[in-house]
Amino acid sequence: MENEKEDSQREIEEIVKQVEPELLDRVPVKKRTQVLRAASRAAMVMVARHTYFSGPLPPADMLADYDKLIPNGAERLMKMVEAQSSHRQTIEASVIAAQLKESGRGQSYAFITTVLLITAGIWAFLHDCPSVSGIIFTATISTVAGIFIYGKHQQKASLQEKKPPAQSKE
């Protein structure tokens, strides 16, 4: 450890002599070691490597490092990623199935409600209540048309969100 510090101080001294030869001559001999030690520490602090990766797996060289540190580290990490991926896919499949079931149930309820309202409108018309019948028919048709238009609008908006942004040609 002490040798590393001395080597680092020598390297700093050589760099300083190359960049500014008279600089160390202006520093008193008693303070020179202290200044070089502080510069060495500062240089060590400044040298930092940040690695960033996106996704479930680190880069291959990092996987190799895991293998060096932990017996079968890379294999264990791969199994963990595969298990997590499988778990996520299972959850996504169940969510999609639930959404489809809910959507189908909603459409069934809407169909039943529409048929009942049309039946009520026909019944009112046959029993000499044309104004009530007209109100029921108008409300039913307006509501069904509005829901259809709203659904199409939502579908279009959803597709726009999923569409990748246009790339500019420069």
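This is a predicted model: local features need pLDDT of at least 70, side-chain atom pairs count only at pLDDT 80 or more; totals for chains, interfaces and linings use all residues.

The space in the largest pocket comes to about 220 Å³. I listed the lining residues as Ala110, Thr113, Thr114, Leu117, Thr140, Thr143, Val144, Ile147, Phe148 and Gly151. Helix H4 (73-126) and helix H5 (130-162) each supply at least two residues of this lining, and H5 gives the most, with six residues.

I then turned to the packing of helix H3 (residues 60-69) against H4, where the angle is about 120 degrees and the axes lie 6 Å apart. On the H3 side I found Leu63, Tyr66 and Asp67 making the contact, and on the H4 side Gly73, Ala74, Glu75 and Leu77. Sorted by class, this contact has four nonpolar, one polar and two charged residues.

Last, I looked up the salt bridges, of which the structure holds two. In one, the side chains of glutamate 75 and lysine 79 meet at 3.6 Å, N to O; these residues are four apart in helix H4, so about one helical turn separates them. I noted glutamate 75 as partly exposed, at 44% relative accessibility, and lysine 79 as exposed, at 52%.

In the other, the side chains of glutamate 92 and arginine 88 meet at 3.2 Å, N to O, and both residues lie in helix H4, four residues apart, about one turn of the helix. Glutamate 92 is partly exposed, with a relative accessible area of 39%, and arginine 88 is also partly exposed, with a relative accessible area of 39%.

Notes: Residues are numbered from 1 along each chain as its sequence is written. Side-chain values use heavy atoms; hydrogens and water are left out. On a 1 Å grid over the protein atoms alone, a cavity is a set of points where a 1.4 Å probe fits but cannot get out, and a pocket is an open set with protein on both sides within 12 Å along at least five of seven lines; lining residues have an atom within 4 Å of a point. Grid points are joined across faces, edges and corners, and a volume is the space filled by probe spheres set on the points. Axes are lines fitted to C-alpha atoms, for helices over the stretch in contact, and angles run from 0 to 180 degrees between N-to-C directions. Contact means heavy atoms within 4.5 Å. Ala, Val, Leu, Ile, Met, Phe, Trp, Tyr, Cys and Pro count as nonpolar, Asp, Glu, Lys and Arg as charged, and the others, Gly among them, as polar. A salt bridge is a side-chain nitrogen of Lys or Arg within 4 Å of a carboxyl oxygen of Asp or Glu. Buried means under 20% relative accessible area, exposed over 50%, partly exposed in between (1.4 Å probe, protein chains only).
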